[in-house]
Amino acid sequence: MIEEYNTVIKNPRKVITRFASCYPNVYRVAMSSMGYQIIYDFLNAREDIYCERVIYPQTKSIETRSNLSEFDIVSFTLQFEEDYLNMIDMLKRSNIPLESKNRRAKDPLVIAGGPCATSNPLPISEFVDIFIVGDAEVVLDNVIDVCSDTNDPRADIFDLLDIPGVYKPGYPAKKQQIKSMKDAWRPIYQIVTKTDNDKFTPAFGSDTFLLEVSRGCSRGCRFCMSGCMYRPRREVDMDTLIDTALKCRHATGQNRVALLGEAVSDYSRIEDLVWNLSEEGFNVVTPSLRVESVSDELLEILKSNGLKTITIAPETTMSQRLKLNKPMSDEEIISTVDRAIDLKFKVKMYLLLGTPGETTEDVMDLVNFLRNIVGRGVRYNTIKTSVNPLIPKPHTPLQYMGFDYDDIFEKYKRYSSRLKYRYKKESLRKATMQYVLSNGGAEMNKILKIGDQLKFKDWYKLASKINEVKAKDNGKLPWHEIDVGITDKYLRREYDKMLNSQITPWCEEDKCYGCGAC
């Protein structure tokens with residue numbers, strides 16, 4: 001049984017535009033997404049729009065049980081590449097023609113946004129009429145205004161393409177984002193879910209609301225897509241955060257707040273923020289912390305707030321961290337773990353296999369390092385580790401790399417046989433699929449029509465083909481028409497520095513390196 005509070009109820013007949021906000025993943029993931037909550041609240045603030053939620057595997061809205069084909073605009077939030085197949089499945093079951101070219105005037109305009117739509121939407125470009133590149137708050141109002149003035153948006157597609165941040169293959173676009181967080185939309189009446197079914201409980205718990213403290217990260221980790229695409233880092237001032245939290249508590253009845261952002265612990269006054277929230281009676285949680293910015297004071301405040309587990313990402317061994325531009329030392333990581341254990345925290349650690357030039361000796365060094373750390377846990381399951389294959393992503397310095405399944409498979413075996421407990425590993429088959437979906441071009445549209453019929457050997461061959469294209473190094477990657485603000489010159493320079501294990505210090509503490517984002 002599920003009960004929801006703060007859902008928006010409008011009369012669909014008394015609005016100009018009916019907007020279906022679709023999330024092609026399960027309910028607990030959808031309702032943990034800050035971006036998804038923002039779109040719902042942002043659009044429903046307009047009297048002429050009714051934004052309703054449609055969450056996979058459903059094709060009917062939660063609010064009125066309307067089918068997708070009954071809406072004026074059908075929008076997909078694409079957070080994960082694997083969700084492309086779910087999006088296609090939802091369209092197939094909705095009575096909306098799957099391909100844009102086959103849609104008629106009476107069919108909804110199908111749009112998509114989110115990180116995947118901004119990074120490389122080419123693999124699904126034939127199923128989506130237009131893509132929103134960047135922050136929804138900057139672009140969506142204009143898109144809806146154009147659509148409300150026409151009976152057939154596809155016939156007037158050039159009016160939409162004139163809007164900055166709207167992309168369709170063949171018509172280059174520049175990412176749009178808010179320049180100051182004072183202009184960001186902050187949903188107050190967030191939807192509260194009450195359920196006794198864990199499948200529908202949001203990731204942070206049903207008693208938690210979301211608070212966005214910042215957007216962007218400028219640390220420069222060379223594998224991180226969001227850290228490259230959403231520069232520069234922009235913070236919400238502390239008074240605004242406290243005020244927003246108080247309003248959210250009044251609107252939701254919840255006392256637990258999840259702090260969100262690409263780099264939450266880099267917030268310039270993070271200790272003061274958590275302390276002030278605590279003084280106001282809030283319990284504070286956060287999904288992950290950077291080792292470099294975790295202080296004793298922050299850990300102590302979080303512990304006093306009831307947080308039970310902290311998550312950090314050492315990634316790999318020290319030599320490989322230099323390549324990834326994460327110059328934290330083993331001593332810093334061990335010190336953070338020791339402090340956390342002293343405070344009786346549980347610790348989760350995320351790790352990577354497959355960094356460029358990684359040898360079997362590097363894998364053994366990582367195993368020995370983890371054995372040392374895991375052995376520090378005073379209780380069973382005090383420390384858990386998760387190992388994931390490194391997947392090169394668009395708009396990062398590693399975008400020029402391929403993905404070697406066979407090499408990582410051998411490293412997985414070596415790793416698994418020597419660290420048999422208290423860790424989990426990401427499916428290497430799913431990682432191969434993710435590589436193809438994130439790095440493929442428009443040729444993927446034809447393949448994804450039958451995506452649910454593909455076997456692993458098909459994904460393996462597709463990955464090999466993408467590797468061959470990258471190896472030719474002709475300089476044109478599928479996503480070259482999308483400008484996210486980072487220059488190709490900077491990315492290539494960072495790639496070369498990675499090959500030579502050279503660090504680019506954090507620009508906020510050192511100097512500007514001319515990435516183009518500012």
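A: Happy to. Let's start with a pair of strands: β2, residues 17–23, runs parallel to β3, and seven bridges link the two. Within that pairing, S21 has R53 of β3 standing opposite. Please keep in mind that this is a predicted model.

Now widen the view. β2 and β3 belong to an open sheet of six strands with mixed pairing, and the order across the sheet is β3-β2-β4-β5-β6-β7. Its edges are β3 (49–55) and β7 (166–167), each of which pairs on one side only. As a reminder, strands of a sheet pair through backbone hydrogen bonds, either parallel or antiparallel.

Next come the helices that cover this sheet. Helix α2, residues 34–44, packs on the sheet and touches β2, β3 and β4 (73–77). The direction of α2 makes about 155 degrees with that of β3. Helix α5, residues 136–148, lies across β2, β3, β4, β5 (109–113), β6 (130–132) and β7. Relative to β2, α5 runs at about 135 degrees.

For α2 and α5, the axes come within 11 Å and cross at roughly 45 degrees. The two helices are therefore oblique to each other. The crossing in which α2 passes α5 is right-handed. On the α2 side, the residues in contact are I38, I39, F42 and L43, and they meet A136, E137, L140, D141 and I144 of α5. Sorted by class, this contact has seven nonpolar residues, two charged ones and no polar ones.

Helix α9 (residues 270–279) and helix α10 (residues 296–304) have axes that come within 9 Å and cross at roughly 20 degrees. That angle makes α9 roughly parallel to α10. Here the crossing is left-handed. From α9, I270, E271, V274 and W275 meet E297, L298, I301 and L302 in α10. The residues of this contact divide into six nonpolar, two charged and no polar.

The phi of R65 is positive, near 60 degrees, although R65 is not a glycine. R65 is partly exposed, with a relative accessible area of 46%.

Two backbone details elsewhere deserve a look too. R231 and P232 are joined by a cis peptide bond with omega of about -10 degrees, and P232 is in the loop between α7 (225–229) and β12 (234–235). K344, a residue other than glycine, has a positive phi of about 65 degrees. K344 sits in the loop between α12 (330–342) and β16 (346–353). With a relative accessibility of 57%, K344 counts as exposed.

How values were computed
Residues numbered from 1 in each chain as written. Predicted model: local features only at pLDDT ≥ 70, side-chain atom pairs only at ≥ 80, totals over all residues. Heavy atoms only, no water. Axes fitted to C-alpha atoms, helices over the stretch in contact; angles between N-to-C directions. Helix = DSSP H or I, 4+ residues; strand = E, 2+ residues; numbered from the N terminus. Parallel < 35°, antiparallel > 145°, perpendicular 65-115°, else oblique. Left-handed = near helix turned anticlockwise from the far one by under 90°. Contact = heavy atoms within 4.5 Å. Nonpolar A, V, L, I, M, F, W, Y, C, P; charged D, E, K, R; others polar. Pairing = 2+ DSSP bridges. Buried < 20%, exposed > 50% of the residue type's maximum accessible area, 1.4 Å probe, protein only.
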